[in-house]
Amino acid sequence: DLLRACLDDHNPQVRRRAAVALARGGDPRGFRDCVEALQDNELLLDALDALGTLGNRDAVDAIAVRSVGLLRPLVIKAAAGRALTRLGDPRGVEVLRQVLTAWRSDARSFAVEIVGELGLRALVPVLARLVHSPRGTDPTTLAKALAVLSQSDSDARTALFELRDQDAQTAEIVKNALAEVLNGE
């Protein structure tokens, strides 16, 4: 109730923070303020997550704007790709593909995690390439994503077993990731 009351505050910062908090909980009442929060660098990541959670496709264009730009931080692009994908916009998968294949690797593991979380089978070939050329990807994150995807994708299963064959430490990571997935964790 307190957060809902903040939606009427005269201060746009208060309204935006309340809208993002409500949206993360599935409450769409502050949708417009949540979209406006995309302009606030402090709230941007939370707003992207919240808008992806709400499921309101009216936000896709505002989110897509955050996914482009040569100097845009890759973590922002990955979060925008996640939100777009959650909203059913095909640009989301392409944005995630760009992050996964970017020269910079600073958000690659985050993008790999998103691929696993959302079960994006279309990106399995990109993850399979990362098995042989990880380029800054955390092996545990890669193993977990492939383990999740391997339940429904034979190429992910093949990539997972190729990852397992690299060395003893990676084999242990794959074994643990498979155990987590099989145990539903």
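Biologist: Hi! Quick one to start: is G69 buried, exposed or partly exposed?
Modeller: Partly exposed, because its relative accessibility is 35%. Keep in mind that this is a predicted model.

Biologist: Got it. Where is G69 found?
Modeller: G69 is in the loop that joins helix 5 (60–65) to helix 6.

Biologist: And how far apart are G69 and A5 in space?
Modeller: Their C-alpha atoms are 36 Å apart, and the two residues are separated by 64 places in sequence.

Biologist: Let's move to helix 6. What does T85 touch there, leaving out residues up to four places away in sequence?
Modeller: T85, which lies in helix 6, touches G92, V93, L96, L118 and L120.

Biologist: Is T85 buried or exposed?
Modeller: T85 is buried, with a relative accessible area of 17%. That puts T85 below the 20% cut-off for buried residues.

Biologist: Now the core. Which residues have the most contacts inside the largest nonpolar core?
Modeller: Those are L100, L123, L127, L142 and L146, in a core of 33 residues. At least two residues of this core come from each of helix 6, helix 7, helix 8, helix 9, helix 10, helix 11 (154–164) and helix 12 (168–182).

Biologist: Which helix gives the most to this core?
Modeller: Helix 10 does, with six residues.

Biologist: You mentioned L146. What is L146 in contact with, beyond its neighbours within four places in sequence?
Modeller: L146 contacts L127 and V131, along with A156, A159, L160 and L163. There is also another core, apart from the largest one, with 28 residues that include C34, L38, L44 and L51.

Biologist: Nice. Which residues of helix 9 are buried?
Modeller: V124, V126, L127, L130 and V131. Looking down the axis of helix 9, these buried residues fall within an arc of 160 degrees, so they line one face of the helix.

Biologist: What about the other side of helix 9?
Modeller: R129 and H132 are exposed there.

Biologist: And what covers the buried residues of helix 9?
Modeller: The cover includes helix 7, helix 8, helix 10 and helix 11.

Biologist: Then helix 8. Which of its residues are buried?
Modeller: In helix 8, which spans residues 108–118, the buried ones are R108, S109, A111, V112, I114, V115 and G116. Their cover includes helix 6 (74–86), helix 7 (91–101), helix 9 and helix 10.

Biologist: What follows helix 8?
Modeller: G119, with a positive phi near 65 degrees.

Biologist: Which way does the phi of R135 go, positive or negative?
Modeller: Positive, at about 40 degrees, although R135 is not a glycine. R135 sits in the loop between helix 9 (124–132) and helix 10 (139–150). With a relative accessibility of 38%, R135 counts as partly exposed.

Biologist: Changing topic: how many disulfides are there?
Modeller: The count is zero. C6, for one, is in no disulfide.

Biologist: Last one: is C34 buried or exposed?
Modeller: C34 is buried, with a relative accessible area of 0%. C34 is also among the residues of that other core of 28.

Methods:
Residues numbered from 1 in each chain as written. Predicted model: local features only at pLDDT ≥ 70, side-chain atom pairs only at ≥ 80, totals over all residues. Heavy atoms only, no water. Helix = DSSP H or I, 4+ residues; strand = E, 2+ residues; numbered from the N terminus. Buried < 20%, exposed > 50% of the residue type's maximum accessible area, 1.4 Å probe, protein only. Contact = heavy atoms within 4.5 Å. Core = buried A, V, L, I, M, F, W, Y, C linked by side-chain atoms within 4.5 Å. Arc of directions from axis to C-beta. Disulfide = S-S within 2.5 Å.
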